[in-house]
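Dear colleague,

Please find below the structure that I am handing over to you. My notes on what was found in it follow directly after.

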Amino acid sequence: MRRRKALSELPGEQMHHIPDAGRTVLVAAAIAAGLSYASPALCQPSNEELRARSVFVEAERFSGIAPGGWRERVAWGLNALTPASGDATASSDRPGAAISADVTIPATATYKVWARYMHIGPYYSPFGIRIEQGGETVFDEGYWESHVVSSSRTAAVWEDHEAVLNAGPTTVTLYVRQPIPPTTSLRVDCLLITPFMDYKPDFTDFAPRAFVRFKVLEPAQNAYIARLSVLHHREGWSGGTPGYLSASGHGRRGDAVPAGQFSGWGDIGKLLDTGARITTVAFQFRSEPQATIPALKVDLQIATAADEQHVLQTLHEEIDGDIISLLLPGNVGQHTDLIQPVSAQTAEHARHADSLPLPPEGLPQRFPVEGRILGYGKQHRSRRILAVQTSVLAKLGFNTLQGLTGVSREVALEHGIKRSVWSRYVSGVAPWATDLSRRMDKSMAEVYDYLKQRDPEALPTCYRFKLAHEPEAPSATRMRDSESCVAAFHEFLRSQGVSPGALGRQTWDDVAPTGRAQMASEADAALYYHTMKFRDAIVPQPYKLASEAVLKRFAEGTHTSVTFGSASIAGRGGGMIDGPDWFEFGRQRAVTMLWSTDNGAPRIIDTPLVADLLRAAGRTHGLPVGISLKRGEPESLRFRTYSALAHGAKAIRYHRYGPHYATREEAWSDRKEEVQQIGRLTREIGRAEELLYPGRPPRAKVAMVYSKSSEMWQEDGAALAELRQTYFALLVENLPVDFVTEEEVADGGLANYRACYLTGANLPRRAAEAIAEWVSGGGMLYGCVAAGSKDEFNRPSDILTPVFGLQLQSVERVESRYREYADLPELAPLTRVTVQGNDWLPMCSFDAIGYRGSITLTTGQVLGSDDSGRAAVVWNEHGQGEALYVATLPALEWRKQAPLGEGYLMPQYPKLLGDLITAIAQHASAHGPVRVSGYMVECGYLASDAGVALPLLNWTQARIPTLQLSIPGVPRPQSIESLARGRIDFRYFENNLDLTISLGPGTDMLLIRW
């Protein structure tokens, strides 16, 4: 049997522009009359021929799917955006597990047996297909045995083998041939058995049939055609505008249909999404001879065949405007209950909002709560529908909407919404362009002039101007290829006092931006380092100039922002080295509000980490912070909202409302529990905003060094993962943290901190010298394996050797990407560390994973050893200060030991190992303004002239009957109120405020008024 090459559906190689739509078990056993099977290589078949002569089976429809063997999955897994046919996929990781389907082979012939499955990078994980006829196995081949897709990405793959099959009853079995590698997910989508040897599989060809037609009732004096557009609700996939519906049916623009008559039937089955997944199909009506249609009355019919006997529903729609949209499932015959017009779904949104027990008062006024309503002009042109959707968000407490102009601004104003977000993305502009200032000014002037001409009253509503979504940083190759960039690079180096000789070059002609991959020798290390510093310095320039252009024209107080991508920060990449430097944006004041999303690892709340990094980036100029919270489970959304507030966010965007029918991403407009949760949260923000909005977190006493140099030279994600988990170890002990950059450290930025945490191996020499001086003056330093052992050029550095009291000899490293979810569970222990402890360091033992350092002592004292007796935990006195060094990555082991909590919340971290990580901060008395008696209970502190807001987050997810809070050094309160329980009694003695409260498994906020 001849093995065929697998077909990838990676971007750039996609076979289709419309997502999968073949959606149920389809066994084409009927043979069209007069068709011959003499030739095994039939090409260019019609759709009817394909259906008649092929067998198409959805994998999830096989029998035998059950827990413990093969199971049904509703998404691909690692790439949820890749579409699948049908309602789900079949998945298994157990060798020998099998599922089967009985089919009928139409005729004796040579067939191709195709399987579509998920390909994940270079992993090797074969499954097999076995075909039995007449009690004998006639085909048994493995799939996924040798990849032809050279990519580390997730992709859909078609792969085939040839088989000679007889006509008649046949059993097809899908089974796992070998063990599945760790972190690999086997997902099989569908199988196709076809005699058309040159046919490239497209399961939209096997989609369930769906037909539509229309009849315009009013205006009655004209004839009509409808221009179709299709929207699939998965990011990155869109159906586009696939023609017209006219008297002749679906296709190119045809004859108009007189009012009162039905159009021809349009076959739209291949245009729809899969199974129960909804597609929005919009009909934009055009009349002849009338050009505009202010209102319509239309009947729309949906059928499974092009005749009246197969009509499923007749929908009557009366709408203001010329666009009517339907929500249609991929399989209209199987999911008739999901068919509805957009106007009906809009009415459902309004009914649900009206039914919620949400008081009309107490909504936020000053605190921006942002949203966006999509669909007007594309899925409808109805002021009535827009008004209903606007009323829903107004009832939920939103006070800011995106893109308010014209009708949308007028409608928003009717519902009391007066604030808007506007955008004009700065993209495709090289930051070294010589005419950059002129181009940015012209671009922003165009937006201003557009608004001024179209709707001048929209100008003062703009409170935030968005300049980019996840801005990118240019590669070294792109910079090298630009003469103007090379010239700018030379000027940058001169400003830093760097000469060609310092870079190992003879003249400036030999100096060009160099990436790490282009380094020819160690002598290029300095050139690579300065290339990255140059890149970080120039990337903010277009945004800085665009901000200046916006602020010159729009109302005083208008904020500018870009939305930083946080995925690489929160566990999916190498940190800021993969994109723009947030801190550099803040230092240059390239924007006036720092903004990001909290879309990190899928089951960890990374909101506090993202918020604290943004706040640190804006520290130089006191820039406010805003956060977009992606949709999620209601309790997760509550914790993330409170976490954003506790860490200083001054604007929140709940991304994305939708409504669902108008967005490619999954929206929360139809998630009723989430809608209710957001309504509650906005009211809590409103009740607290008198203290919450002006309140600011005080400077922390713990500094954590964000080492960009370490990112530049990292071999994997270990140091960044250790930084994240060390941060969370401090967070759940209610020890506030400030992130501090290498530049700030070098300039004496540790002066006001009591403890400092260092996880990166690389540190500029000036910064290392500043840390050594700070410790000598009384600071407390924590370092994990290799911390500060190399300089910015990746050369060995011994500046911190006397501080830690040891000499690093070597580091053993396990190859891994160090993703907290996918990789840490698979890391085997390198050794076990036992900590003897002292009066401030707890006794404990833990496994060393990932990295292990070999050290020799100089002045340090051993407080812990590994199984071989080597020093693993060392304490040292240096001048008036102290340092604690752990020769492995304890925070990663701490995270590995933590089971996930319910509701996609914070993992339930083990306290004892956490006590080791936080010991130096505890020893330094680096507590925040509030002492909390419970573990994994966080208490924010937002101070203003009128009082303090204390957002409380109970990460344990269990009720705490008695929680004690102590706040020293504050004036006597006039009152203390809990949002959950009302007035709170307190004790006040000698400037110390003590409270005892009961805290439920969620959140609360205390409002202390002076």
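In what order do the nine strands of the open sheet run, and with what pairing? The model is a predicted one, and in it the open sheet has the order S33-S32-S34-S35-S42-S41-S40-S37-S38, with mixed pairing. Strand S33 (737-741) and strand S38 (844-848) stand at the edges of this sheet; each has a single partner strand, so one side of each is left without a neighbour in the sheet. From one strand to the next, the twist averages 20°.

Strand S34 (residues 755-758) and strand S35 (residues 780-783) pair in the parallel sense, over four bridges. Here cysteine 756 stands opposite leucine 781 in S35. In general, strands of a sheet pair through backbone hydrogen bonds, either parallel or antiparallel.

Helix H16 (residues 718-731) lies across S32, S33 and S34, and runs at about 165° to S32. Helix H21 (residues 911-923) lies across S32, S34, S35, strand S37 (831-835), S38 and strand S42 (881-886), and its direction is at about 130° to S34.

The structure also contains a closed barrel. Its eight strands run S24-S25-S26-S27-S28-S29-S30-S31, with parallel pairing. Strand S28 (residues 559-564) and strand S29 (residues 594-597) pair in the parallel sense over two bridges, and phenylalanine 564 stands opposite serine 596 in S29. Helix H13 (residues 634-646) lies across strand S30 (625-630) and strand S31 (649-655), running at about 155° to S31.

How do helices H12 and H16 cross, and within what distance do their axes come? The axes of helix H12 (residues 607-617) and H16 come within 11 Å and cross at roughly 100°. That angle makes H12 roughly perpendicular to H16. On the H12 side, Pro608, Leu609 and Asp612 take part in the contact, and they meet Arg724, Tyr727, Phe728 and Leu731 in H16. By class, the residues of this contact divide into five nonpolar, no polar and two charged.

A search of the whole structure finds six cavities of 30 Å³ or more, and the largest cavity has a volume of about 100 Å³. Which residues line the largest cavity? The lining consists of Val705, Tyr706, Ser707, Ser710, Glu711, Gln714, Ala719, Leu720, Leu723, Thr759 and Gly760. Strand S32 (702-706), helix H15 (708-713) and H16 each supply at least two residues of this lining. H16 gives the most to the lining, with three residues. The lining has five nonpolar, five polar and one charged residues.

- A cis peptide bond joins glutamate 218 and proline 219, with omega at about 0°. Proline 219 has its place in the loop between strand S13 (211-218) and strand S14 (223-232).
- A cis peptide bond also joins glycine 658 and proline 659, where omega is about 0°. Proline 659 is found in the loop between S31 and helix H14 (672-692).
- Alanine 786 has a positive phi of about 70°, although it is not a glycine. The place of alanine 786 is in the loop between S35 and helix H19 (801-804).

With kind regards

Notes
Residues numbered from 1 in each chain as written. Predicted model: local features only at pLDDT ≥ 70, side-chain atom pairs only at ≥ 80, totals over all residues. Heavy atoms only, no water. Axes fitted to C-alpha atoms, helices over the stretch in contact; angles between N-to-C directions. Parallel < 35°, antiparallel > 145°, perpendicular 65-115°, else oblique. Contact = heavy atoms within 4.5 Å. Nonpolar A, V, L, I, M, F, W, Y, C, P; charged D, E, K, R; others polar. 1 Å grid on protein atoms, 1.4 Å probe; cavity = no way out; pocket = protein on both sides within 12 Å on 5 of 7 lines; lining within 4 Å. Points joined across faces, edges and corners; volume = space filled by probe spheres on them. Pairing = 2+ DSSP bridges.
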